[in-house]
Amino acid sequence: MRSVSAQAPRGVVMIRPHHFTPNEATAADNAFQNRDGTRTAALIRAEAYQESTRMAARLEAAGVTVHLFEDETEERPDSVFPNNWFSTHSGGHVAVYPMFSPSRQAERRWDIIEFLKRHYRVQDVIDYSGLEQDGIFLEGTGAMVLDHIERVAYAARSNRTNEVALERFCTHFNFEPMLFDAFDRSGRPIYHTNVMMCVGTELCLIGLTSIASDRRRAEVRERLEAGGRIVIDLTAEQIEAFAGNALELQGRDGRLLAISSRAMRSLRPDQIAAIERCIAPVSLDIPTIELAGGSVRCMLAGVHLAQR
């Protein structure tokens, strides 16, 4: 097991929400969202706050640098998922993305970008957010699952993943685009690629059967295996439990896989054993935040920048 990898950032940005709620404005194309009529809005807010607090503390205890920012506004229900509006890249590059839902466009926070500039070596910030005016969207590392080793950007077409923006990003950041159509069990496009796949250094968790085209499915698998990775094929039920929404990170004692408790419970013993042969899973309990249709990976914006 290689202890250090370009795929595994040492640090992450997290947002701790004070007024969390599942976003009604995004429910139309996010089939992963759910309602909980058994708890009051105030209780859901409080529990989401505690879940994000515990998750940040657990990652820090494992040696991951967590930059935890507060969101005390009531106008950004999905702010707990910062990976959609920005990403960072080796060489000192930052990208800022166009968001599909107007309710999410206010999540972009330039105070966070300025923080990164102060603490890390940032050479440039490429801002794609102006594409929103043309109805062109690319929701960051939700829309794309990036292989930083093989330089491939995997992306499932949806309202939130436009191929024009994808091509532009790949040209600027030196990735090969691999676009495909993927659907859930009801035949709806999977809204974000990162709920169906996670690319690590030595393994990949992916719902291959979600990819509509047999030929494209085989191409994706071949591309993933070309780098020597183990491919763990997820069922539709496991995808719905967020088993694909995980992120490899660099901890104090080596690489770890940040993944939700619900996702871990959905995996078979042989799948867990395959993961553990490659990396140490860290199970994080965030059931309230998962009501919003995202999980652990969505909550983490990896920092692939060199420290000052």
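**Pocket, core and contacts**

Modeller: The lining of the second largest pocket divides into seven nonpolar, seven polar and two charged residues. Here Ala, Val, Leu, Ile, Met, Phe, Trp, Tyr, Cys and Pro count as nonpolar, Asp, Glu, Lys and Arg as charged, and the others, Gly among them, as polar. The model is predicted: local features need pLDDT of at least 70, side-chain atom pairs count only at pLDDT 80 or more, and totals for chains, interfaces and linings use all residues. Residues are numbered from 1 along each chain as its sequence is written, and side-chain values use heavy atoms, with hydrogens and water left out.

Colleague: Which residues in the largest nonpolar core touch the most other members?

Modeller: In soluble globular proteins, nonpolar side chains tend to be buried together. A nonpolar core is a set of buried (under 20% relative accessible area, 1.4 Å probe, protein chains only) Ala, Val, Leu, Ile, Met, Phe, Trp, Tyr and Cys residues joined through side-chain atoms within 4.5 Å. Of the 38 residues in the largest one, Tyr154, Phe180, Met196, Met197, Ile206, Val220 and Leu224 touch the most other members. Another core, of 25 residues, lies apart from it and includes Ile44 and Val282.

Colleague: Is Ser261 buried or exposed?

Modeller: Ser261 counts as buried because its relative accessibility is 12%. Its side chain makes a polar contact with the side chain of Ser283 (3.0 Å); such a contact is a pair of N or O atoms within 3.5 Å, where within protein one must be able to donate a hydrogen and the other to accept it, and residues adjacent in sequence count only if both atoms are side-chain atoms. Not counting residues up to four places away in sequence, Ser261 touches (heavy atoms within 4.5 Å) Ser283, Leu284 and Asp285.

How values were computed. Buried means under 20% relative accessible area, exposed over 50%, partly exposed in between (1.4 Å probe, protein chains only).
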